[in-house]
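Biologist: Please take me through this model, one topic at a time.

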Amino acid sequence: MTDARRLAYLEALGVDVYVRRGLEPVPEVARPEQMDPAESMPATPASAAPGVEATLDWEPLRAMVSACTRCSLHATRTQTVFGVGNRSAKWMFIGEAPGAEEDRQGEPFVGRAGQLLTSMLKAMGFAREDVYIANVLKCRPPGNRDPKPEEAVQCRGYLERQIELVAPALIVAVGRIAAQNLLATDTALARLRGKVHSLGPRGWPLVVTYHPAYLLRSPGEKRKAWQDLLFARQVFARLAAGERVLP
Ligand code: SF4
């Protein structure tokens with residue numbers, strides 16, 4: 001990407017000139033399964049979500065999601081919103097749930113918030129196709145209400161299998177709901193930012209940032225979101241250098 005284009009994306013994020021410097025090429029990094037087991041992060045407890053076979057591949061998984069009636073959201077969806085992007089990505093971005101536009105198009109993070117996420121990715125030097133993007137829920141909650149805990153539990157196995165299949169080096173939880181859901185916490189997003197968390201029994205490294213829909217409502221927070229993305233890059237670089245990123 002040219003500097004001019006990156007500049008434009010950063011301007012869309014409301015980022016000042018001084019933080020435009022220093023975007024080095026993203027280094028290679030070992031994924032968790034390639035790491036020395038002795039170096040692995042502490043596991044969080046496995047969820048009680050209904051199972052999805054640990055051997056299920058992409059297409060059967062997608063078909064299973066498309067036909068899913070595990071929670072009541074199946075009755076109001078236009079279609080399921082499975083996930084999109086590079087199935088071997090080293091970065092995985094996980095949001096909350098489809099909105100109206102996502103429900104219509106069948107793809108996560110489209111519409112205005114999705115365009116801002118795309119700008120955030122491009123400011124980091126990624127195309128949308130470079131990363132994998134999914135949501136905690138695969139069906140739209142009516143009226144864009146927050147997911148109910150039971151819905152997230154029912155849907156969790158699909159996301160867990162997606163994470164296993166992608167095997168990302170780093171996960172970015174996009175927004176408070178996704179972060180709290182993935183980390184099984186009610187801690188405020190502000191207190192989850194700037195730290196590396198461990199997700200699931202495999203100890204996937206996870207960092208959090210604001211949801212672009214929130215940033216559209218609160219543009220003054222875009223600077224913090226950019227700080228989160230720079231932090232994510234630092235974490236990724238540390239992983240690439242073989243450093244521990246968790247205590
Ligand atoms: S939200 Fe998830 S669990 Fe509920 S019906 Fe959709 S795919 Fe199934």
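**Ligand and cavity**

Biologist: By class, what makes up the shell around the ligand?
Modeller: The shell has 6 nonpolar, 2 polar and 3 charged residues; Ala, Val, Leu, Ile, Met, Phe, Trp, Tyr, Cys and Pro count as nonpolar, Asp, Glu, Lys and Arg as charged, and the others, Gly among them, as polar. The model is predicted: local features need pLDDT of at least 70, side-chain atom pairs count only at pLDDT 80 or more, and totals for chains, interfaces and linings use all residues. Residues are numbered from 1 along each chain as its sequence is written, and side-chain values use heavy atoms, without hydrogens and water.

Biologist: Which residues are around the ligand?
Modeller: Cys 68, Arg 70, Cys 71, Leu 73, His 74, Arg 77, Lys 138, Cys 139, Gln 154, Cys 155 and Tyr 158, each with a heavy atom within 4 Å.

Biologist: Where does the ligand sit?
Modeller: In the largest cavity, as more than half of its atoms lie within 2 Å of the grid points. A cavity is a set of points on a 1 Å grid over the protein atoms alone where a 1.4 Å probe fits but cannot get out.

Biologist: How many residues line the largest cavity?
Modeller: The lining has 14 residues (an atom within 4 Å of a point), and Cys 68, Cys 71, Arg 77, Cys 139 and Cys 155 lie nearest the centre. The lining divides into 7 nonpolar, 3 polar and 4 charged residues.

Biologist: How many bridges join β2 to β4?
Modeller: There are 4 between the parallel strands β2 (residues 91-95) and β4 (residues 170-174); Trp 91 has Leu 170 as its bridge partner in β4.

Note on methods. 1 Å grid on protein atoms, 1.4 Å probe; cavity = no way out; pocket = protein on both sides within 12 Å on 5 of 7 lines; lining within 4 Å. Pairing = 2+ DSSP bridges. Helix = DSSP H or I, 4+ residues; strand = E, 2+ residues; numbered from the N terminus.
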